[in-house]
Amino acid sequence: MKKLLELITEEFEKAFDACGYDTKLGKVGISNRPDLCQYQCNGAMAGAKLYHKAPIMIANDVVTAIGEHPMFQSVEAVNPGFININLNSGFVAEYLDNVADAEKFGAINDNMETIVVDYGGANVAKPLHIGHLRSAVIGESVKRIVKYMGNKVIGDVHLGDWGLQMGLIITELQERKPELVYFDESYSGDYPSNAPFTISELEEIYPCASKKSKEDEAFKERAHQATLKLQSGYAPYYALWQHIMNVSKVDLKKNYDNLNVEFDLWKGESDAQPYIPGLIQDLIDKGLAYESQGALVVDIAEEGDSKELPPCIVRKSDGAALYATSDIATLVQREQDFQPNKYVYLADKRQDLHYTQFFRVAKKAGIVKPDTELNFIGFGTMNGADGKPFKTREGGVMRLENLISQINDAVYNKIMENRSVSEDEARKTSEIVGLAALKYGDLSNQASKDYIFDIERFASFEGNTGPYILYTIVRIKSIIEKYKAEGGQVENLTVMDTDNGEQLQLMLEIAKVNEVIENAAKELAPHKICSYIYDLSNAFNRFYHGTKILAEEDETKKKGYIALIDLTKKVLETGIDLLGFEAPDRM
């Protein structure tokens, strides 16, 4: 389905062509002066130099060629050569009916792809904290947006489940519970099916072991040895590792569920380990990897780089692999399993060099095809009111579940200020609205930007917030339910022509939906969805406050209103679903 701007531009291209001017001059855009017109064409300004003619003369020629066109309410040339455009509301109403009937509101994807989205990145044996929020929230929305456009999408949590942290946990556990069979070298039976620790114990063991390793060299060395034994397949430690994984995954899934974040794959760094030896040998055989100061490295610098880029280390001098090695090996595995056209990685923007390095190695080594897209979405920091990374009052890193609890409480208090529901219903509603407040507060910012996390502002029912969007949807639901209760039918209604200015503005806002979704998918940009549904909510609320919808005596006009707000609701509900949250029935 063609976008509204495409249809308008087509008519102006025809008009420029009919006047003997280049059709490229006919491009139309949304007016930056909505008080004067809805759309604007500035092609006459550019055409002045090409045709050595005053721009107002070119503009007048084009306006004359457009004539009395049914698409337009008015087309006017104004000095020094702008063309101001207003659409006929009947044409817009007809377009919206087509939008309502079209699959995905007319958003089109001519290039279906297989896309792997790598987001999550949590470490096992640790609780999720606010540092994991942006990766999970942005990644989930990106996944939903590209999937909505018909692509085959695989979301992978890509857990940090290998390396020294495992050796630290095993060593600390041995000090605490030396009687466990995993530490009895003479034991030859089956290992217990139940873990010898709870998630709470596990989450306490790791930071304790990490602290101890920084103070006790002997402990640190034992942890290194435990890590090597695990990675060499030592059965007792592998059995312990499986317990760590099982207990951690249950807790991580619970916390990700609370964020309404789902993964298709629960793989981790450990899954890539079998591919590393072959990868290293391949890099050597292709003459890409060479020894430097005892380490094995691959040069990644390319002509045209704006800054010096260091080589990618794929094997340290002690023979250990690094994160880059693991990530490249993961690409080998994903190419084998899925052959994606595109990869999307989510991580802190300070990891930009890491992703540049392993992307370039993957391309140079032919691990991915030359036309495979490797995208890195580097996100900014979530800061407190002081402009520094968000912390607990005690100065520590806040657990994600505590942050969710805080914002749910803030929403609950606001609901109870205007109490019209029971405490139980208010609490349930606050969980739905709180998640919207949290996610929208994050996603409404461009991913690469740092932002201030302000619970009071994010939980507000007014302004550019998740609760405001939900309140708009709930308001529309209430109107439609009342209409049904009066005997009205919502099915098969059509949007009507209008002389109502607020209604036309709402219609024009809805008409952007297909273009906005397509652009958000192409640019992997959830903030574009946020910006759009906020503008749409504002347009609806202006219409609502200026129009007596249910009190309208003209039944035909009332049906047109209901058709319009029902379409508004569907667009808004699609928008929040793409962002990863939903609306309650009441607020």
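In this predicted model, I432, V433, A436, A437 and Y440 of helix α15 meet G466, P467, I469 and L470 of helix α17, contact being defined as heavy atoms within 4.5 Å. Helices (H or I, at least four residues) and strands (E, at least two) are DSSP runs, numbered from the N terminus. Residues are numbered from 1 along each chain as its sequence is written, and side-chain values use heavy atoms, with hydrogens and water left out. Local features need pLDDT of at least 70 and side-chain atom pairs count only at pLDDT 80 or more, whereas totals for chains, interfaces and linings use all residues.

**Packing of α15 and α17**

- Two packed helices are described by the angle between their axes and the distance between the axes.
- Helix α15 spans residues 423-443 and helix α17 spans residues 466-485; they pack at an angle of about 130 degrees, with their axes 7 Å apart.
- This angle makes α15 oblique to α17, given that angles under 35 degrees count as roughly parallel, over 145 as roughly antiparallel, 65 to 115 as roughly perpendicular and the rest as oblique.
- The axes are lines fitted to C-alpha atoms, for helices over the stretch in contact, and angles run from 0 to 180 degrees between N-to-C directions.
- By class, the α15 contact with α17 comprises 8 nonpolar residues, 1 polar residue and no charged residues. Here Ala, Val, Leu, Ile, Met, Phe, Trp, Tyr, Cys and Pro count as nonpolar, Asp, Glu, Lys and Arg as charged, and the others, Gly among them, as polar.

**The sheet β7-β8-β9**

- Three strands form an open sheet in the order β7-β8-β9, with antiparallel pairing; two strands pair if DSSP finds at least two bridges between them.
- The edge strands are β7 (289-292) and β9 (312-315), each of which pairs on one side only.
- From one strand to the next, the twist averages 45 degrees.
- Strand β8 (residues 295-298) is joined to β7 by 4 bridges, and the two run antiparallel. S292 stands opposite A295 in β8.

**Individual residues**

- D251 belongs to helix α9 (residues 235-258) and counts as buried at 10% relative accessibility. Buried means under 20% relative accessible area, exposed over 50%, and partly exposed in between (1.4 Å probe, protein chains only).
- With its neighbours within four places in sequence left aside, D251 is in contact with I199 and E203.
- Q339 has a phi near 45 degrees, a positive value in a residue other than glycine. Q339 occupies the loop between α12 (323-337) and β10 (342-348) and is partly exposed, at 44% relative accessibility.
- L524 likewise has a positive phi, near 50 degrees, and is a residue other than glycine. L524 lies in the loop between α19 (513-523) and α20 (526-546) and is buried, with a relative accessible area of 13%.
- A cis peptide bond, with omega about 5 degrees, joins N79 and P80; P80 is in the loop between β3 (72-78) and β4 (82-87).

**The chain as a whole**

- The secondary structure comes to 21 helices and 13 strands.
- Of the 587 residues, 53% count as buried.
- Taken along the principal axes, the C-alpha atoms fill a box of roughly 95 × 65 × 45 Å.
- Among contacts between residues at least 6 apart in sequence, 73% join residues at least 24 apart.
- The accessible surface is about 27,600 Å², of which 46% belongs to carbon and sulfur atoms; the areas come from the Shrake-Rupley method with a 1.4 Å probe, and for residues only the protein chains shown count as cover.
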